[in-house]
There are 6 protein chains.
Amino acid sequence: MPYVNIKITKDGATSEQKALLIEGVTSLLQNVLNKNRATTFVIIDEVETDNWGIAGEQVTKIRNRKK
Amino acid sequence: MPYVNIKITKDGATSEQKALLIEGVTSLLQNVLNKNRATTFVIIDEVETDNWGIAGEQVTKIRNRKK
Amino acid sequence: MPYVNIKITKDGATSEQKALLIEGVTSLLQNVLNKNRATTFVIIDEVETDNWGIAGEQVTKIRNRKK
Amino acid sequence: MPYVNIKITKDGATSEQKALLIEGVTSLLQNVLNKNRATTFVIIDEVETDNWGIAGEQVTKIRNRKK
Amino acid sequence: MPYVNIKITKDGATSEQKALLIEGVTSLLQNVLNKNRATTFVIIDEVETDNWGIAGEQVTKIRNRKK
Amino acid sequence: MPYVNIKITKDGATSEQKALLIEGVTSLLQNVLNKNRATTFVIIDEVETDNWGIAGEQVTKIRNRKK
């Protein structure tokens with residue numbers, strides 16, 4: 001009965017891509033640990049780039065600099 | 001000083017229902033473990049059904065099939 | 001299909017008390033929001049008092065001062 | 001490679017304030033534990049006051065009473 | 001720069017199985033969303049069966065009944 | 001009333017270092033957002049290096065290679 005939380009930056013993941021993540025991680029847990037698919041939860045959080053920091057900086061700023 | 005995080009699908013929980021969840025879980029922790037109400041935190045996250053998977057599928061799809 | 005995470009300090013909650021928390025919060029979600037018991041997850045984390053801070057201090061120290 | 005999640009009520013934190021939180025907590029981890037800035041993640045969640053409870057009550061109600 | 005948290009019951013997942021989960025979910029995020037492997041974090045939490053509830057019951061009890 | 005969760009690898013952070021993290025992040029939230037110290041929670045999780053992955057690999061392996 002695994003629980004998986006995936007946090008990604010909010011930049012346009014489609015419903016189909018989210019479906020692929022959910023299916024993929026559920027199958028991974030079934031294949032590696034023989035976990036029951038029926039009681040596998042996956043929750044995806046999409047986080048604004050202003051609210052995600054890496055190396056002490058907002059992702060918004062890191063991306064602007066790379067443009 | 002408990003901390004409780006409740007994740008539910010986003011489908012119209014009212015402010016009154018959220019108030020009942022917050023009061024109920026705070027009282028539960030007080031009654032079962034004698035925890036101090038004053039320092040009990042409850043945070044409710046409402047998750048889009050496209051972002052919640054169970055049994056390898058998005059809740060959106062599971063619900064559509066049941067209609 | 002709610003997911004609930006309860007964090008408490010690690011100070012001797014018994015298996016019976018944990019069972020009461022799990023049953024209580026599951027029933028609360030069923031009563032308030034008509035959620036399906038079968039797909040309600042509850043995870044309890046017990047945290048060392050050295051690792052929990054409130055008001056800028058470790059719970060260990062707050063408790064020692066109150067003795 | 002620390003991971004930090006900061007949850008605050010949603011009441012107008014500016015992008016500059018979020019940048020200060022991200023920089024501040026990253027430097028704190030570097031100074032106290034010698035952690036690598038490059039692999040330090042900080043995620044800020046802003047939570048509606050209806051969805052945050054303390055002492056058994058929604059923050060919305062606590063704040064209204066104090067007005 | 002995704003962050004993934006996987007919670008499983010504590011029942012003997014080996015270091016090799018954990019390595020497979022970490023590699024698998026990192027590749028999944030790369031393949032589906034073109035995420036950068038270098039900044040993908042995966043954290044696995046192993047939870048005692050007394051501390052995990054489903055359908056209002058501890059996993060410990062559900063498993064004992066099935067024996 | 002902020003809530004902060006800090007996850008670090010389990011490699012010997014002392015009680016004093018944890019106290020510094022708790023005090024530091026509480027003061028940061030007070031200084032940047034004028035948050036009330038009295039209701040600021042900080043929880044530190046220490047994660048085994050086998051259970052933390054970065055760039056698709058366990059931290060255990062990354063560290064062994066660097067030796």
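**Gly12(A).** I'm working from a predicted model here. Next I looked up where Gly12(A) sits: it belongs to the loop that runs between strand E1 (3-9) and helix H1 (15-33) of chain A. I also checked a distance from there to Glu46(A), which is 34 residues away along the chain. The C-alpha atoms of Gly12(A) and Glu46(A) are 9.2 Å apart.

**Chain A, the fold.** I counted the elements next and got four strands and two helices in chain A. Their order along the sequence is β-α-β-β-β-α. Then I looked at how spread out the chain is. For 67 residues the globule rule gives 11 Å, but the radius of gyration of chain A is 15 Å, well over that, so I noted chain A as more spread out than a compact globule. I took the spans of the C-alpha trace along its principal axes too, and they come to about 45 × 25 × 15 Å.

**Chain A, contacts and surface.** Of the contacts in chain A with a separation of 6 or more, 62% are between residues 24 or more positions apart. As for burial, 60% of the 67 residues of chain A count as buried. The accessible surface of chain A is about 2,800 Å², and carbon and sulfur atoms hold 47% of that. I looked up the charges as well: chain A has 10 positive and 8 negative ones, and their mean positions lie 4 Å apart.

**Chain A against chain E.** I laid chain A on chain E and asked what turn does it. The answer is a turn of 180° with a shift of 0.0 Å along the axis, and the RMSD is 0.0 Å. The two copies are thus related as by a two-fold rotation axis. In chain A, Asn5(A) has the C-alpha nearest that axis, at 2.6 Å. Both copies use the same surface, since 100% of the contact residues of chain A recur in chain E.

How values were computed. Residues are numbered from 1 along each chain as its sequence is written. Chains are lettered from A and ligands numbered from 1 in the order in which they are written. This is a predicted model: local features need pLDDT of at least 70, side-chain atom pairs count only at pLDDT 80 or more; totals for chains, interfaces and linings use all residues. Side-chain values use heavy atoms; hydrogens and water are left out. The radius of gyration is taken over C-alpha atoms; the globule rule is 2.2 Å times the number of residues to the power 0.38. Buried means under 20% relative accessible area, exposed over 50%, partly exposed in between (1.4 Å probe, protein chains only). Contact means heavy atoms within 4.5 Å. Accessible areas come from the Shrake-Rupley method with a 1.4 Å probe; for residues, only the protein chains shown count as cover. Lys and Arg count as positive and Asp and Glu as negative; His and the chain ends are not counted. The place of a charge is taken as NZ of Lys, CZ of Arg, CG of Asp or CD of Glu. Copies are superposed by least squares on the C-alpha atoms of residues with pLDDT of at least 70 in both.
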